[in-house]
Amino acid sequence: MTHASAANIVIVGAGPAGLAAAEYLAQAGYGVQVLERMPSVGRKLLMAGRGGLNITHSEPHEALMRRYGVAQSWLRPALDAWTTQDIQHWMEGLGQAHFTGSSGRVFPSAMKASPLLRAWLARLQELGVVFHTRATWKGWDEQGHLLVQREGQDEPAPMPMQADATLLALGGASWPRLGSAGGWIPVLAQQGVNIAPLQPANCGFETAWSDLFRERFAGVPLKPVALSFAGQRVQGEVMVTANGLEGGAIYALSAPIRAAIAEDGVAIVMVDLRPDMPEQEIARRLAATRPRESLSNKLRKALRLPPVAVALLREGGQDIPSSPQALAARLKAVPVVLSAPQPLARAISTAGGITSDSCTDGFMLRAVPGVFVAGEMLDWEAPTGGYLLHACLATGRAAAKGLQAWLQDTGAKRYPLQP
């Protein structure tokens with residue numbers, strides 16, 4: 001491999017977006033250094049691997065694009081250039097077999113992240129990428145040098161580090177104990193970068209359970225159910241928590257629920273307790289039960305509803321219909337009032353971030369030439385199902401391509417920063 005340039009490139013953040021950028025640039029022949037404030041790299045990737053590492057989705061590309069909502073036009077060039085098939089080929093190149101589940105989600109055959117991460121890091125090291133762990137980026141000095149605080153260094157003050165171009169992949173602010181804490185926001189805001197407030201995405205929501213319901217059912221799964229809100233219906237599983245609901249079905253509706261709470265103070269989600277059974281069949285089965293049976297027995301015998309589902313039916317504070325038809329209608333739409341999203345630190349991902357008008361087409365910050373951004377720092381969100389990792393990998397590579405083009409256009413001249 002011949003070196004394309006003697007330029008010194010620094011990538012800040014060793015999550016999926018940062019590692020994808022490092023791989024692209026190192027393969028292009030650039031010298032790459034990666035800063036990571038945690039003791040090891042890829043911690044959030046490893047956490048995702050606990051659920052099997054759903055790395056992308058096999059649905060048609062245009063359907064995949066729609067998962068990114070209003071951000072799809074901004075992200076399209078990156079996603080067009082790094083498709084589901086590209087990710088699958090990339091995994092194979094790392095010696096990692098993959099499979100597509102019945103839901104269309106794509107996983108490594110090992111069903112965990114550690115083998116893929118080990119193979120990826122081995123490739124990066126062979127390409128000459130240098131990693132600096134326990135190294136926290138603190139902004140820039142007046143000369144435009146990166147300021148880096150190294151844990152355990154003798155000098156307590158951040159030390160300058162030269163870079164001809166920088167790529168920031170610092171994540172959002174979900175699961176901060178894994179490395180993404182949002183500390184970059186005031187640094188970039190001071191430079192004039194527009195940043196939409198970070199909000200929890202793919203998160204649970206709070207509701208005011210009765211003491212009895214909370215004490216008896218916190219930690220109990222509610223399945224199968226279907227949740228309906230704002231014209232959308234999602235079937236899956238939710239988990240009752242001490243203060244509300246979390247789980248895949250509600251995560252998929254988190255964006256419209258969050259928006260409704262922001263506007264109206266609450267959001268009322270309808271829960272279908274028997275999503276696999278038509279309302280008329282429910283009514284028929286209820287009508288066939290003995291009149292003197294208790295409600296709990298009727299629901300258990302006729303519909304096999306678990307105790308948590310029966311308790312949720314009672315929880316709303318409304319009178320429970322007595323006629324089979326009216327009761328069937330209620331079972332298909334039990335209202336649950338949600339009052340707030342769970343805290344950002346508990347969310348799977350982050351909404352908000354650096355806005356599209358703050359970036360060039362190559363993901364360079366307009367306010368800070370020579371600084372590129374990728375991953376969850378950007379203002380987009382998507383449901384779980386492989387879409388999050390896919391976009392992080394794709395924007396990491398796209399920002400790296402933008403950085404490469406900028407270096408070639410400018411001759412690697414260092415950039416001035418605002419005082």
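Reader: Which side chain does Asp-272 join in a polar contact?

Author: The side chain of Asp-272 pairs with that of Arg-233, in a polar contact of 3.1 Å. A polar contact here is a pair of N or O atoms within 3.5 Å; within protein, one must be able to donate a hydrogen and the other to accept it, and residues adjacent in sequence count only if both atoms are side-chain atoms. Before we go on: this is a predicted model, where local features need pLDDT of at least 70 and side-chain atom pairs count only at pLDDT 80 or more, while totals for chains, interfaces and linings use all residues. Residues are numbered from 1 along each chain as its sequence is written, and side-chain values use heavy atoms, with hydrogens and water left out.

Reader: Thanks! Is Asp-272 buried or exposed?

Author: Asp-272 is buried, at a relative accessible area of 1%. Buried means under 20% relative accessible area, exposed over 50%, and partly exposed in between (1.4 Å probe, protein chains only). Asp-272 sits in strand E16, residues 267–272. Helices (H or I, at least four residues) and strands (E, at least two) are DSSP runs, numbered from the N terminus.

Reader: And what does Asp-272 touch?

Author: Leaving out residues up to four places away in sequence, Asp-272 touches Pro-224, Val-225, Ala-226, Arg-233, Leu-331 and Lys-332. Contact means heavy atoms within 4.5 Å. Pro-224 belongs to strand E13, residues 221–229.

Reader: What about the phi of Trp-175?

Author: Trp-175 is not a glycine, yet its phi is positive, about 45 degrees. Trp-175 lies in the loop between strand E10 (165–168) and helix H7 (184–190). With a relative accessible area of 28%, Trp-175 counts as partly exposed.

Reader: Zooming out, how is the chain divided into domains?

Author: Domain 1 covers 8–200 + 345–410, and domain 2 covers 205–341; these bounds come from an automatic or database domain assignment. Their C-alpha centres lie 38 Å apart.

Reader: How many residues are in contact between domain 1 and domain 2?

Author: Six residues of domain 1 contact five residues of domain 2. The area buried between the two domains is about 520 Å², with carbon and sulfur atoms giving 50% of it. Buried area is the accessible area (1.4 Å probe) that two parts lose on being put together, summed over both.

Reader: How many salt bridges are found across that interface?

Author: The rule finds two across the interface of domain 1 and domain 2. A salt bridge is a side-chain nitrogen of Lys or Arg within 4 Å of a carboxyl oxygen of Asp or Glu. Arg-258 forms a salt bridge with Glu-381, with their closest N and O atoms 2.6 Å apart.

Reader: Last one: what does the secondary structure of the whole chain come to?

Author: The chain has 15 helices and 20 strands. Of its 419 residues, 53% are buried, and the C-alpha atoms fill a box of roughly 85 × 45 × 40 Å along the principal axes.
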